[in-house]
Amino acid sequence: MTEQGVRWTVDQVLALAPDSASRTAGSRLGAAGSWSGAGRCGEGTVWGLCEGGGSGPYRTVVDVADPSGPAYRCSCPSRKVPCKHALGLLLLRAGAEEAVPRARAPEWVREWISGRRATERRRTGDAAHPAPGPADPEAARRRAERRAERVTAGALELEQRLADLLRGGLAAAGESGYGLWEETAARMVDAQAQGLAGRVRELGALAGTGPGGPVRLLEECALLHLLGQGWLRRERLPEGLAATVRSRVGLPASADGPPVRDHWLVLAQYDTGDSRLTTRRVWLYGTDSGRTALLLSYGAAGRAPDVALPVGTALDAELSAYPGAGQPRAALGEQFAPPAPTAVRPPGTTTARALVRYGEALRDDPWLESVPVTLERVVPVPDGDGWQVADADQDTALPLAPAARSRPGLWRLVAVSGGAPVRVFGECGHQGFTPLAVWPEGPGEVVPLC
Amino acid sequence: MSRTADTDAPLPDTWEELVTTALLGTDRRTPAGSVPGPRAPHDLLDAAALATVRRRAGLRPARAARRPAPAPADPRPALPPAAARRLTLLLTDRPGTSGGGRRGTAPDLMELLPQWLAAANAHGYAAPPEALPALLDAARGRTDLRPAALRFAGPRALWLARLNPDWRFALRATHGGGASASAPDDPDRTRRLWQEGLFAERVALLTALRSRAPAAARALLAATWATERAEDRLMFLDSLRAGLGPDDEPFLEQALADRSRNVRATAAELLSALPDSALAGRMALRAAACVAVDRTRDVPMIVVEAPHECDAGMERDGVVAKAPAGRGERSWWLGQLVEAAPLGCWSRRLGGRTPREIVALPVADGWQGELHAAWCRAAVRQRNAAWSRALLGEPSAPEAGGPGAVSLAERAQLLGTLPAAERAEWVAGFIETHGLSEAFQLLGVCAVPWAAPVGRAVVDALNIARDAGSYPWSFSGVMGLAERCLDPSEAGRLDALLAVPDEPEDASPGAGSYWAEAFQRLVTTLRLRATLLTELAPPTPPAAEPAPAGSVEPTAPGPARR
């Protein structure tokens, strides 16, 4: 691999695109003729000149082997990261071996590399001499207290609003519509309880949706009530559950768990979000520890979150868990090698065991929507309007979550299976199963479904 | 999770009760185990929270639904890894996802998909299963892609199409594609499928059998002919067009007496394509009676006496009696007679002249347009190269570029009857004389990749157009064709055109750089096409020769569809 350097597949590169327009534009630029002077050096530095509409060619350079994630630089005016030129360059590299030959880096590339090294040194230097702690621990404690008080006030107000709602009845509340929930959510934002605000907003989306609406609304109201009560009595909860309540309510936490070094398989990466914020989830599976961990990262409008790990690779790295019992969330610590392709697959289980796992996880976190599981020997089966994944050897099945039915990933899953048992990674919860990655029955690479 | 069994009773009752209370409100209904008052909503929420978590924690798997039969195995070899990556790229570049507007220097990947598919099919590769949904979506949007895409997609795509209504088209159009399309070898199974199958299956079966055993296909059709519906008879009859031969005459002759007028017309058309058929003989007699050489003049001249009536015999032989609005009925009848008469009869009738001499004769009383147009249709229908050649004339002739007796569409059809090399020479000669503005349709009938003379003529003409100072988008149609059809080995000759030239005084502003950009895209696309083909070459032992690039592109490209 050192001779070869890091080389990502087309799918992996396309997953980096911040939006579908960049994906299309990038794939058009992934052909040899668009580029001149393309070359690569080191573990994963790739560069090239791309003909642009302007006066001269754009200078594009990408480093995919950087331990802190891929880094891009392009002289084009686009504000997207990575821009279409960076994507095109990586696609060129992914396409044909000889398209990007090993070469000596030209001056402008060397400048960029040395600039990055300097930054890297400064950063590690800072780590060696940690910045002096919070200037005034006493002031920080007071700030935290004040915030807790505001959240408490928010929780009390929310409880009052929920009580009013149920006194009058959910049927009556349906008539007051979306505005009620929006206003309550805004109040929770004022109270600095982002977690509560988010749940309230989802309630607004649920209100008045179809026949199952009232049931879902009651469920979510009850869980919101449970969270409010959990916050108000957090002192009497066990520490793990209290930490879960704090993070669910929306208090900031830092990943202070002990670092766990492992070979982490990248199982899935997908983005959700609106025009303001993109949330990226990356699921990792530690082949030695058997742990499944979630990396969350965020990107502001139009920008892809900075963590990008290609599905189907494994990385030798340290992960630190966030506090809270049963929380899969972790932060990526030191990476000892760039992500490398792997044929290792995570071990799987049955549909029944997957639901047991979800049930057990609810003990630590009753607000949990789903747990990550890998199902072994399951077949996607059409079931009325929906789909299930059925155990190949038993008469049991998990229905697919409603949202998963309309995604293109469903058809990739069905196509890869072809009616034969496959191994599927996904999220299993009360809404059903959401497939995120599939491995074919025989040998073959993982196919992302998200 | 609606389909998952809930936990055991009595909880569901309690839960229903809680939902009802919540809907009505605690002011109207007191929750079980609570008392009316300010605590009631709180108690209801407590109970609901407990029940919700309990319900979720107690979820059990659902009963499995009926599993579909597994997809049939695809024995074809897998794509080489580089080609599989390329396919992902080609399928990502879907029309409509781009920003539109100016195209820049990047190649149009979607337009390369047809060639890629043709080459992959020529090698006999299986499609990667995960690519099938994108492939089917692409074929759904572009009917011209369907035959090649479905052949490449193979049996698993048909299996998938049965599960997704969006892909039903794949089940309708499986000519030469998947398992159901290949006619079974077993005659009993063939007969059963023919008698019991759906219409689409039967058409596919007949087409497949016809391509392999024409007589057997005809016999199959004849067996049930009398009981078929008129629309179906028309479709089935049409599938005899492939592999048409003298043996088909008795069956077709009998179809001339069909109840349906469309069936009769099709049968007559097929018979007229058989020069030795009785119908062709009857038509020759009728047509010859209308056309003669007048030797009394100084210069021999063709005189035309169009038929005065359309008798029952003519109608039975497929002549449509009623002329379309705006056409004289006598010239309408004449056109049909000449079109259906075997071209071989004219030499005898017109003084032993060759086709070229006949076409060169002047025609009296303004009948030339009608007569020559009918001969064109006859030459195309009978695939007669000598007559096509005569009617096409010299590519450099002045009238070849203008609106002459023979339109560009007719020329394109006539060219289709000539051997590929001759076709290329003619089109190249046409472009050299008349430029590119009229050449688009003619280029469409040239074999891909373009033979050297065509490629050279197109590049030279583009170069001339650039020097003349016009904008490249006046030629975007030809440019797009060139990107797809020019031989990739021509890329080297184009390098000189990539520079931005000095702008002449009278040129359109900025045209030079746009041309450089357009040529850049052309070269990029050609290089990419060469790469695509190399990637598809099977991994051979080092001693073996790699498949030459450009040797596996059997398709003729239609004009670009969007």
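User: Let's start with chain B: what share of its contacts with a separation of 6 or more comes from residues 24 or more positions apart?
Analyst: In chain B, 69% of the contacts with a separation of 6 or more are between residues 24 or more positions apart, where two residues are in contact if their C-beta atoms, placed from the backbone, lie within 7 Å. Please keep in mind that this is a predicted model, in which local features need pLDDT of at least 70 and side-chain atom pairs count only at pLDDT 80 or more, while totals for chains, interfaces and linings use all residues. Residues are numbered from 1 along each chain as its sequence is written, and chains are lettered from A and ligands numbered from 1 in the order in which they are written.

User: And what is the figure for chain A?
Analyst: For chain A, 60% of the contacts between residues at least 6 apart in sequence join residues at least 24 apart.

User: OK, the interface. How many residues of chain B are in contact with chain A, and which element gives the most?
Analyst: There are 65 residues of chain B in contact with 72 residues of chain A, and on the chain B side H2(B) gives the most, with 10 residues. By class, that side has 35 nonpolar, 17 polar and 13 charged residues, where Ala, Val, Leu, Ile, Met, Phe, Trp, Tyr, Cys and Pro count as nonpolar, Asp, Glu, Lys and Arg as charged, and the others, Gly among them, as polar.

User: I clicked on A:Leu362; what does it touch?
Analyst: Not counting residues up to four places away in sequence, A:Leu362 touches A:Leu368, B:Val53, B:Arg56 and B:Ala57. A:Leu362 lies in helix H11 (residues 351-364) of chain A, and it counts as buried because it has 22 C-beta neighbours inside 10 Å.

User: Next, the cores. How many residues does the largest nonpolar core have?
Analyst: The largest nonpolar core has 176 residues, and those with the most contacts inside it are A:Leu90, A:Leu267, A:Leu284, A:Ala437, B:Ala48 and B:Leu136; such a core is a set of buried Ala, Val, Leu, Ile, Met, Phe, Trp, Tyr and Cys residues joined through C-beta atoms within 7 Å. Helix H6 (residues 146-161) of chain B gives the most to this core, with 10 residues. Apart from it lies another core, of 84 residues, among them B:Ala341, B:Leu414, B:Leu481 and B:Val523.

User: B:Leu481 is in H26(B), I think; how many residues of that helix are buried?
Analyst: Eight of the 10 residues of helix H26 (residues 476-485) of chain B are buried, and B:Leu481 is one of them, as are B:Glu483 and B:Arg484. What covers these buried residues includes helix H4 (109-123), helix H24 (440-444), H25 and H27 of chain B.

User: How does H25(B) pack with H23(B), then?
Analyst: Helix H23 (residues 420-434) and helix H25 (residues 452-467) of chain B pack at an angle of about 15°, with their axes 8 Å apart; axes are lines fitted to C-alpha atoms, for helices over the stretch in contact, and angles run from 0 to 180 degrees between N-to-C directions. H23(B) and H25(B) are therefore roughly parallel to each other, a term for angles under 35 degrees. The residues of their contact divide into nine nonpolar, no polar and two charged.

User: Last topic, the backbone: where is the cis peptide bond?
Analyst: A cis peptide bond joins B:Val448 and B:Pro449, with omega about -5°, and B:Pro449 is found in the loop between H24 and H25 of chain B.

User: Which phi values did you want to flag?
Analyst: Phi is near 60° for B:Asp365 and near 50° for B:Arg383, each a positive value in a residue other than glycine. B:Asp365 counts as exposed, with 10 C-beta neighbours inside 10 Å, and B:Arg383 counts as exposed with 12.

Key
Helix = DSSP H or I, 4+ residues; strand = E, 2+ residues; numbered from the N terminus. Parallel < 35°, antiparallel > 145°, perpendicular 65-115°, else oblique. Buried ≥ 20, exposed ≤ 12 C-beta atoms within 10 Å, placed from the backbone.
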